Amino acid sequence: MRSTAFSTRAYDWSQRRERAGGERPDKHSALRSGATAAGGDPVSTSEAVLRQAGDAFVPVRRRAFRRLLKDRTAAVGLIIVLLVVLAALLAPWLATHDPVETNFSDRFSPVSRKHPMGTDNLGRDVFSRILHGARLSLGMALSATIGITVLGVLLGLVAGMYGRFAETVIMRAVDVLLALPTLILALVVVGLLGQGLRNLIITIILVGWPRYARLVRGMSLKIREQDFVEAARAVGATRPRIMFRHVAPNLLGPIVVFSTLDLGSVLLSVSGLSFLGFGVGPPTPEWGAMLAEARPFLDRAPQLLFWPGAAITLMVLAFNLAGDGLRDLLDPRTVESTPGWERRLRKRRRPPAHPTGPAPADIEVLRTAARGVAGAGTS
Amino acid sequence: MARYLARRLLVAIPTLLALSFLIFLLVTNAPGDPAEEYAQRRSGSQQATAQDIENAQVELGLDRPFFVQYGTWLKGIVTGDLGESFTKRSPVYDVMRDRLGPTLELTSASVLLILIVGLPLGVMAAMFHRHWTDQIFRVIALLGASIPGFFLAYVLIIQLATELKLLPVAGRQGLASLIMPSIVVALGPIAVLSRLLRASLLEVFTEDYIRTAKSKGLGSLGVVMRHGLRNASIPVVTYAGTVLGALLEGVVVTEFIFAWPGLGLLTLEAISQRDYPVIQAAVLMSGVIYLVGSFAVDALYGVLDPRIRLEPAA
């Protein structure tokens, strides 16, 4: 299996370049001169033409988003995520107390108007701590996910586009890192880096990128064989340019979906490691750490364990709901297996069948559409 | 098949070698000096003299160059000698053997739970497709997949142990103490497994041979059992590799919460005490288990579906 994978990438790039750049009057140079005749920089003009082809499919994508909102469960997930993110952003104004201010005369107080979630073992207001904790927990999960995606996409692209030595090194590293369960590798890495917020994020990025790199490499191997890449190569685009302007925008859509699906599990890793004591230090409100702090008071004040735990569960649930909806949307097969009532609901509310272009569920179309939008954004 | 697995195993050797090097590199470069802690433990005071620390370094072999240490360790692994624990001063092999039993207990109870709860749930959800029960299963599965083990554990402890006093809070005393930890480890995999099985069964239900089986008068349960399950098992088996990872991870967190004296707790203890030989051995072992598990999954494909050929058609 592995040997076939290698043989498909055994693709002589230099030869291609030579042919495209050579003086022989073949179809490539004809295409180039045509582009030049249209005026302006030959490379960017033909690229613009290529992008325009993608732009035609944008409405499909917009409709896809509307469909996502029509999916009741996905909409619930999205709304929860938005509400909590809003609450996290507004935490300093919404919080009734200072999250780290202690008050020893008011410890373990029950739920009241003054303290909507009671107070903890040091008399700190739990509600304010949960709110501020949302900033940290979600912020860490989000920055770790972004870091994972960027690193994974970059290394995967390099592996897929450059091949040879770079590919061998990167993919071997991926193999080694994926040979351990994520949490166990994370424990060893965080042990090396030491406790702390930044180290926790770095750990999760270091542990998380290999799956993305493997995915991106596979996708870029496929994309680079497509005609528009060949066309770009023919007009003399450099390899980094092809990588970032033609290949990367095409895999961005699926990768964004993939990382959205991943947000919940990244949040679980972040709070899990914090819970085990590898996250932020004690006074800082972070959901996993709050749970760990409440452990000794299991008998006396079980509600202290409940609030942060429920917050984590709710967020992971919301990410999963939204992610599921997103996946359903992009996977044509799931339309068949959605429950009857849900399908009927979708059918009723969906705008009349596709006025232009092929079926919206076609993942190729979505990819092209994604490329069009991403490409337009960068120019 | 045998040839394929043998080749996979050969490919795995450099991976394992690189993994062992990575683990060694990470562990020995972690902040903190195990020799100093060792000297403190030995003298029983917070202050250890420079001489004591130096002696401890020599004793633990930490004064030697990095590659010499790694070479010695690697040679030891090949010959079955995992070194000696810094904190317990006994062979790592013995320390790990004592902890293996409880972990095996916990994992086998969890696997049993996953199978006897997850499979029927998946079958039922598929058979009740488009019925309101399917929706209930869906909600349960979503919750089960979303609730973190470390929260579920405390929900169970608070409800079953401190409120109702049905089960012991923590520790390992008899079968009753096994119940909560194995639920915590198993819930996530149960949720995902049952959803996967449901989806896979629904796809199989559209096949012609299912219609044939139905038309010859076989009851719907009979159809599922005889013709559905085996054909639906491929995607489920693919997930088995992930289950293995979830088990290895779940065991760490769960053993920590329930003070379950197994390998997961040992790993955490070793990390906090900087017991290098134990960390290295435990982490390497989970890597080996993980790799072997993924081979087993590959081997299972061929057994379940003879149409799948693992060896390239030469």
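User: Which residues of α13(A) and α14(A) meet each other?

Analyst: Bear in mind that this is a predicted model. From α14(A), the residues involved are Trp287(A), Gly288(A), Ala289(A), Leu291(A) and Ala292(A). Their partners in α13(A) are Val270(A), Ser271(A), Gly272(A), Ser274(A) and Phe275(A).

User: And how many of the residues in the contact of α13(A) with α14(A) are nonpolar, polar or charged?

Analyst: Gly counts as polar here. With that, the contact of α13(A) with α14(A) comes to no charged residues, 4 polar and 6 nonpolar.

User: What are the angle and the axis distance for α13(A) and α14(A)?

Analyst: Two packed helices are described by the angle between their axes and by how far apart those axes are. Here α13(A) passes α14(A) in a right-handed crossing. The angle is about 35°, and the axes are 7 Å apart.

User: Moving to helix α9 of chain A, what span should its 14 residues have, and what does the model give?

Analyst: Helix α9 of chain A covers residues 164–177. The expected span is 1.5 Å times one less than the number of residues, so α9(A) with its 14 residues should span 20 Å. The end C-alpha atoms agree with that, being 20 Å apart.

User: Which residues of α9(A) are buried, and what covers them?

Analyst: Buried means 20 or more other C-beta atoms within 10 Å. In α9(A), that picks out Glu167(A), Ile170(A), Met171(A), Val174(A), Val176(A) and Leu177(A). The cover comes from both chains, and includes α1 (2–28) of chain B along with α8 (126–162), α10 (182–193) and α11 (197–223) of chain A.

User: Which helix of chain A gives the most to the side that touches chain B?

Analyst: Between the chains, 37 residues of chain A are in contact with 42 residues of chain B. On the chain A side, α1 (2–9), α9, α10, α13 (239–275) and α15 (303–330) each supply at least two residues. With 8 residues, the one that gives the most is α10(A).

User: How do the residues on that side of chain A divide into nonpolar, polar and charged?

Analyst: We're still on the 37 residues of chain A in contact with chain B. They split into 4 charged, 12 polar and 21 nonpolar.

User: Where in chain A does pLDDT stay under 50?

Analyst: For chain A as a whole, the mean pLDDT is 71, and 67% of the residues reach 70 or more. One stretch under 50 has 60 contacts beyond four places in sequence in the model, and another has 65. Those stretches are residues 1–60 and residues 333–379.

User: How many helices and strands does chain A have?

Analyst: Chain A has 379 residues, of which 43% count as buried. Of its contacts between residues at least 6 apart in sequence, 73% join residues at least 24 apart. Its secondary structure is 18 helices and 0 strands.

User: How many helices and strands does chain B come to?

Analyst: Chain B has 314 residues, 37% of them buried. Its C-alpha atoms fill a box of roughly 85 × 65 × 30 Å along the principal axes. The tally for chain B is 12 helices and 0 strands.

User: Is Ser110(B) buried or exposed?

Analyst: Ser110(B) sits in helix α5 (residues 92–127) of chain B. Beyond four places in sequence, its contacts are Ser182(B), Val185(B), Ala186(B) and Leu247(B). Since 26 C-beta neighbours lie inside 10 Å, Ser110(B) counts as buried.

User: How far apart in space are Ser110(B) and Ile183(B)?

Analyst: In sequence, Ser110(B) and Ile183(B) are 73 residues apart. C-alpha to C-alpha, the distance is 6.8 Å.

User: Ala259(B) has a positive phi although it is not a glycine; is it buried or partly exposed?

Analyst: Its phi is about 50°, and its place is the loop between α10 (220–257) and α11 (263–273) of chain B. Buried would take 20 or more other C-beta atoms within 10 Å, and exposed 12 or fewer. Ala259(B) has 13, so it is partly exposed.

User: What about Arg274(B), buried or exposed?

Analyst: Arg274(B) is not a glycine either, and its phi is positive at about 55°. Its loop lies between α11 and α12 (276–304) of chain B. Because 22 C-beta neighbours are inside 10 Å, Arg274(B) counts as buried.

User: How many of the 8 residues of helix α9 of chain B are buried?

Analyst: This helix, residues 208–215, is followed by Gly217(B), whose phi is positive, near 100°. Helix α9 of chain B is hardly covered, and its count of buried residues is 0.

Terms used: Residues are numbered from 1 along each chain as its sequence is written. Chains are lettered from A and ligands numbered from 1 in the order in which they are written. This is a predicted model: local features need pLDDT of at least 70, side-chain atom pairs count only at pLDDT 80 or more; totals for chains, interfaces and linings use all residues. Helices (H or I, at least four residues) and strands (E, at least two) are DSSP runs, numbered from the N terminus. Two residues are in contact if their C-beta atoms, placed from the backbone, lie within 7 Å. Axes are lines fitted to C-alpha atoms, for helices over the stretch in contact, and angles run from 0 to 180 degrees between N-to-C directions. A crossing is left-handed if the near helix is turned anticlockwise from the far one by less than a right angle, and right-handed if clockwise. pLDDT is the predictor's confidence in each residue, from 0 to 100.
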